[in-house]
Amino acid sequence: PHSGARAPGDGAPERPRLGSGGAVATGFPGAMLSEVLLVSAPGKVILHGEHAVVHGKVALAVALNLRTFLRLQPHSYGKVGLNLPNLGIKRAWDMARLQLLDTSFLERAGNTALTPEQVEKLKEAAGFPEDCTDHERLAVLAFLYLYLSICRSQRALPSLDITVWSELPPGAGLGSSAAYSVCLAAAFLTVCEEIPNPLKDGEATGRWTAENLELINKWAFQGERMIHGNPSGVDNAVSTWGGALRYQQGKISSLKRPPALQILLINTKVPRSTKALVAGVRSRLLKFPEIVAPLLTSIDAISLECERVFGEMAAAPTPEHYLVLEELIDMNQHHLNALGVGHASLDQLCQVTMAHGLHSKLTGAGGGGCGITLLRPDLERPEVEATKQALTNCGFDCWETSIGAPGVSMHAAASLDAPVRQALDGL
Ligand code: MEV
């Protein structure tokens, strides 16, 4: 167990300890600087507990095997470059200019959220063009903030190019911004030798120790704050640790040995406002407390029952366990409808999958957005394909993926799939 989410200012990172290598002592990070780093981090879905979690109940969040990939290329061109092919962003800053910036306002970075005045200073450093979108601004600000805050421990800021490419659709509630912050934090901490490169010679993938992950998560939380203002911290925690997490009132703990479930993740592409949906549940709770409070209590019990079943499955999974998981999904989906966060597109999603004998629920805020369908291990390939086709015919995007994916990882180039390598190199 570990705690990831903190109230603002509480338990956020200390200034990271300096690495023990000569690199930090001399200010010249030596060999590390010639090495390309390839980092990835997963997105997340909420299995159970969305909305109820806002009212102090348990939520179960799991890492999704759709990942964000980062390539860090150190060089000596005196520039720092950021390429975000998904967002069409390609920017570079002169090291000389960044080096001259007075970054003392970042002294306490990592401990508290930046004040609006400090964010203004960062915006000046970014030098945004007039036609910059909000998306671009936030992605660039989080990048510069993490780069300057983490790398200012070096005598000379490292000259490097960063490319980040994601399999996750942005703005779909799948934790794409958290995965971005986690990748950036891990890459900068590694290049500055605040944490070691966990990739051993000849291995495909390396993972950091719990202590190093704690540091990555703390910085990633700061990046998330830059993008989202006041995030709960669950997204960056799932992306850092991977697997499955239980979240309640800011306390996060890992579930031991969650089952490797296969799911369909479906994006209805119906836009929704999380804020409005959360407010809607709150007003329904105020209007009908006797009716709505028991729904929230019941959702809490569903999360606990799911956690209990996962525990049993770790020992010996049986077909009956999957049937229980399906029943829990159905009950929760009905509760979420009763809370008023359903949508015609989500009803259609549930009906289409039910016609193929599969059970689905919304995930995240509802009102459109994404849903998940459990794929039992006994399913035949043609059934899965037919369901995916039927969902695609509704105009939905559909991914077949697993949950409980590993958290932030370092990769050897040869271990990455060709499309990922292409997306990261083709710039
Ligand atoms: C959104 O992904 C999940 C909600 O429970 C909102 C929140 O927890 O902040 C609907």
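Buried here means under 20% relative accessible area, and exposed means over 50%. Keep those cut-offs in mind, and remember that this is a predicted model.

**Stop 1: helix H13**

Select residues 418–425, which form helix H13. Colour Val420, Ala423 and Leu424: these are the buried residues of the helix. They span an arc of only 95° around the axis, so they sit on the same side of H13. Now turn to the other side of H13. Pro419 and Gln422 are exposed there.

What do the buried residues of H13 pack against? Show three strands: E1 (37–48), E2 (59–74) and E5 (160–166).

**Stop 2: Arg71**

Next, show what surrounds Arg71, leaving aside neighbours within four places in sequence. Its contacts are Val36, Leu37, Leu38, Asp161, Ile162, Thr163, Leu424 and Asp425. Leu424 is one of the buried residues of H13.

**Stop 3: Thr68**

Is Thr68 buried or exposed? Thr68 has a relative accessible area of 2%, and the cut-off for buried is under 20%, so Thr68 is buried.

Look for its side-chain partner. The side chain of Thr68 makes a polar contact with that of Ser166, at 2.7 Å.

Then display the rest of its surroundings, again setting aside neighbours within four places in sequence. Thr68 touches Val39, Ser40 and Ala41, among others. Its contacts also include Val164, Trp165, Ser166 and Leu168. Ser176, Ala179, Tyr180 and Cys183 are on the list too.

**Stop 4: helices H3 and H4**

Move to residues 116–126, helix H3, and residues 134–151, helix H4. Their axes lie 10 Å apart and cross at an angle of about 100°. Angles of 65 to 115 degrees count as roughly perpendicular, and H3 and H4 are therefore roughly perpendicular to each other.

Show side chains where they meet. H3 brings Val119, Leu122, Lys123, Ala125 and Ala126. H4 brings Val140, Leu141, Leu144, Tyr145 and Leu148.

**Stop 5: an annotated span**

Terms used: Residues numbered from 1 in each chain as written. Predicted model: local features only at pLDDT ≥ 70, side-chain atom pairs only at ≥ 80, totals over all residues. Heavy atoms only, no water. Buried < 20%, exposed > 50% of the residue type's maximum accessible area, 1.4 Å probe, protein only. Helix = DSSP H or I, 4+ residues; strand = E, 2+ residues; numbered from the N terminus. Arc of directions from axis to C-beta. Contact = heavy atoms within 4.5 Å. Polar contact = N/O pair within 3.5 Å; in protein donor to acceptor, adjacent residues only side chain to side chain. Axes fitted to C-alpha atoms, helices over the stretch in contact; angles between N-to-C directions. Parallel < 35°, antiparallel > 145°, perpendicular 65-115°, else oblique.
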